[in-house]
Amino acid sequence: MAFEERGGEKTEQATPRRLEEAAKRGQIPHSAEVQTVFVLMAGLFAMTFFGREAWETLALTVAHSLGHLHDVPLSAGMMQGYAIGGALLFAKVVGPVVIAVLLAALLAGGMQTRFNTASEALTPNWERLNPVSGFQRVFSVRSAAPTTVAAVKLALVIALTYSAVKEVLSDPIFYTSVNAARIAEFLAGSASKVCLRVGVAMIFIAAADYGYQFWQTNRDLMMTKEEMKDELKHTEGNPHVKARQKRRRGAITLRKQLLEVPKADVVVTNPTRYAVALRYDRKTMRAPKIVAKGVRQNALRIREIAAQHQVPVIENKPLARLMYRYGRVGTEIPAQLYAAVAEVLAWVYRTNRYRYYAQQMETKD
């Protein structure tokens, strides 16, 4: 009860804004086991594809060096060249494996973070260097999960690799005389066999660990009902402010519409609930346009302005209701209403012939 009074229980899923802020802090599902799997498998594949070539290069170099020891000049100037040659040889032999492992590590991290950089996580935080906080994190309940995962990982790796290690140890190579090539082949095959089994075990461990990290992160980011309300206020704004802004925008839009009523050809009413003002110019318009529309009090204001400027007002309940519902101010009337509006305009033009004739003469002048 005391906890609920302080902040309430976290029962709501995190909002997109909270998830975005958490990603900036680096608080995202991230499993080190996934990167271990990527690095291990990348190293194994690199050794499979480039191992033979690396071994042949290394063997030829060693054979050449040992076969020409008697005529190799030794001087201070030559030692620098030997060092550079050795470094290039090392890069040629080890380079493909190192590049493959590096790319795999970057890919594993990028996939988990969706290739987003946690900007806030990169800023210095001296609180992390606090020994007291570090001691509490090491011996906290949350630290028990990684320890458990490590123990399970070790047990599973031992179980899956035991038979492979036993088979390697019983190989005749340990009690027979073989050449260096056979030893290298044996070492490569044994390492590949053991690493492949370890990789399979790590795949299951990584999947389980990432699932746990995903669940734990989402659980930590859950929100209380009060936090949800505050979040909505920040993202969508205060409801009262939004309503006030909406009313202000509506008032501005209505004023613009009322200025167009004196230019209308006719106002169709319901008679008291709806009012829609229409204007049509054969030379510039393809069809009549709605220049203003209103309901209740706004409809009354439209009728009053129309009466002041001698704009004909016609009562047609179905037509007024349909134009108000489906028509938009500033656009042409819906095509389904062409015939009904044409009859209204035809009647208006016949009964107010002098008014429209005077307007046409004023336009020409």
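Where does Arg249 sit? Arg249 belongs to helix α10, which covers residues 239-260. The model is predicted.

**Nonpolar patch**

- A nonpolar surface patch consists of Leu156, Leu160, Leu196, Val200, Ile203 and Phe204.
- Together these residues have about 510 Å² of accessible area.
- Helix α7 (144-169) and helix α8 each contribute at least two residues to the nonpolar patch.
- Helix α8 gives the largest share, with 4 residues.
- Phe204, one of the residues in this patch, is located in helix α8.
- The relative accessible area of Phe204 is 59%, so this residue is exposed.

- The number of aromatic pairs comes to 2.
- In the pair of Tyr212 and Trp215, the ring centres are 6.1 Å apart and the planes stand at 40°, so the pair is tilted.
- Tyr212 and Trp215 are separated by about one helical turn, because they are 3 residues apart in helix α8 (residues 180-220).
- Tyr212 is partly exposed, at 30% relative accessibility.
- Trp215 is also partly exposed, with a relative accessible area of 46%.

**Aromatic pair between strand β2 and helix α12**

- Tyr274 and Tyr324 form a tilted aromatic pair, with 4.8 Å from centre to centre and 35° between the planes.
- This pair ties together parts that are 50 residues apart in sequence, because Tyr274 is in strand β2 (residues 274-279) and Tyr324 is in helix α12 (residues 317-326).
- Tyr274 is buried, at a relative accessible area of 12%, and the cut-off for that class is under 20%.
- Tyr324 is partly exposed, with 25% relative accessibility.

**Points to locate in the structure**

- Helix α8 holds Phe204 as well as Tyr212 and Trp215.
- Strand β2 holds Tyr274, and helix α12 holds Tyr324.

Notes:
Residues are numbered from 1 along each chain as its sequence is written. This is a predicted model: local features need pLDDT of at least 70, side-chain atom pairs count only at pLDDT 80 or more; totals for chains, interfaces and linings use all residues. Side-chain values use heavy atoms; hydrogens and water are left out. Rings of Phe, Tyr and Trp (its six-membered ring) pair if their centres lie within 6.5 Å; planes under 30 degrees apart count as stacked, over 60 as edge-to-face and the rest as tilted. Buried means under 20% relative accessible area, exposed over 50%, partly exposed in between (1.4 Å probe, protein chains only). Patches are made of residues with over 30% relative accessible area and no salt bridge: like charges are joined within 9 Å, nonpolar side chains (Val, Leu, Ile, Met, Phe, Trp, Tyr) within 5 Å. Accessible areas come from the Shrake-Rupley method with a 1.4 Å probe; for residues, only the protein chains shown count as cover. A salt bridge is a side-chain nitrogen of Lys or Arg within 4 Å of a carboxyl oxygen of Asp or Glu.
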